[in-house]
Amino acid sequence: MDKIIVEGGRTLKGEVRISGAKNAALPILIASLLTDGINTFSNVPQLQDIHSTALLLENLGARVETRAGTVRIDAGGPIQYEAEYDLVRKMRASVLVLGPLVARLGKARVSLPGGCAIGARPINLHLKGLAALGASIELTHGYVEASAPRLKGADIYFDVVTVTGTENLMMAASLAQGTTVLRNAACEPEIVALADTLIKMGADIQGAGTSVVTINGVSSLKAVEATIIPDRIEAGTFLMAAVLTKGNITLFNTEPDHLGALIDKLRLTGAEIDIDGNNIHIKNSGPINSVDIKTQPYPGFPTDMQAQFMVLMSIANGTSMISETIFENRFIHVSELRRMGADIQVSGNSAIVKGVPHLSAAQVMATDLRASASLILAGLVAEGTTQVNRVYHLDRGYESLEKKFAALGAAIQRVK
Ligand code: EPZ
């Protein structure tokens, strides 16, 4: 297993290009199952999760060709209705094939995704929505079997805002008979990106990006070319690294409008942020002020940036409160940060972070994707040399992160 070694104390300077968004690419690649031609997607990040998605689509019968950041998918041939356990267990977002398979084939058999480090991650709302569209759902031997001769539009309310739940049902409803309304839908930019791609394919969708999405089913969708939007979570990670190391960096290929909540909070910590089209310039020369955050569905503060922000607060001046309202167990990084000298008390879904003068380097272990990024950030400022183990978590969601940090002046390297 690879490790990443970081020597703390360097100031980040220079510029970095942000990659395409993993959480936009996954549903968009899977949406190609709804079409019968060759789709070409560009600015696709080269990540383990993208590779897993390509394997899954090939396993279902699609032809997939990946060349650097461009992925071509031809789902015009015969498509299987079963996604097997071995592929789904590697990536829970595989559950996104459920909606497209039922819509296209009238049935699907997909292994139930297990929980993961940050929570139980049930898919009950995905299934409730498919049932509302007329699918009969059976849970047997760890698989979900869904079947419907033809899906029929329905009025669906989500008890909880769910990103992939909204995506799954938006794709299924695109080919259903009649009108579907999704209420309390997720509003993330990745939802809008998927809707834009489906509309390009010929779907009739209104309201994507708001909490009420209306989909008028059509009879078929055609293959398209589309470009993946920038990754707001990767961008946020670099913005926080700049504040942490009192650096001065420019991010290229971002969508600043997707980062409103984080930019607001970083300005409150004292960072100077200038936005110039798709580029963001950030520098921080003074002390870091303590700022409270509470994770919320978009456009609130993203849960995927909570662990990284906690590192920032661990060396801030004063005490801050971090509340995690999306996942029930997303403070796993706390124990590792404590080992690096952070002063953090957790009670329920809140963490009280008391700033300390500095962190001290240690051997630490990554547990989930965003927690592993936070350990790298901690290593950038900790005194001494930090070793982050199990970086395969990192490779799922960040494209050559250590190379990008090294290009900004960090003393960081990957060892096999
Ligand atoms: C997506 O996961 C993202 N993954 C996650 O990013 C992100 O953290 C999450 O949205 C929240 O923003 C992808 O887009 C591939 P949810 P998702 O369904 O869709 C509960 C990363 O780091 N819920 O919005 O699985 C659920 O338990 C990953 O890239 C139900 O109860 O998250 C959670 O508490 C990590 N029943 C809340 O809703 C359901 O049927 C939000 O989950 C579905 C969800």
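Modeller: We can go from the domain bounds to the contacts between the domains. This is a predicted model, in which local features need pLDDT of at least 70 and side-chain atom pairs count only at pLDDT 80 or more, while totals for chains, interfaces and linings use all residues. Residues are numbered from 1 along each chain as its sequence is written, and side-chain values use heavy atoms, with hydrogens and water left out.

Colleague: Which residues belong to domain 1 and which to domain 2?

Modeller: Bounds of this kind come from an automatic or database domain assignment. Here domain 1 covers 3–19 + 230–415 and domain 2 covers 22–227, and 23 residues from domain 1 and 20 residues from domain 2 take part in the contact (heavy atoms within 4.5 Å).

Colleague: How much area is buried between domain 1 and domain 2?

Modeller: Interface size is often given as the accessible area lost when the parts come together. With a 1.4 Å probe and summing over both parts, the buried area is about 1,700 Å², and carbon and sulfur atoms give 52% of it. On the side of domain 1, Y298, R396 and E399 lose the most area to domain 2, together 34% of what that side buries.

Colleague: How many salt bridges does the rule find across the interface?

Modeller: A salt bridge needs a side-chain nitrogen of Lys or Arg within 4 Å of a carboxyl oxygen of Asp or Glu. The rule finds two across the interface of domain 1 and domain 2; a salt bridge also joins the side chains of R232 and E190, at 2.9 Å from N to O.

Definitions and conventions
Buried area = accessible area lost by both parts, 1.4 Å probe.
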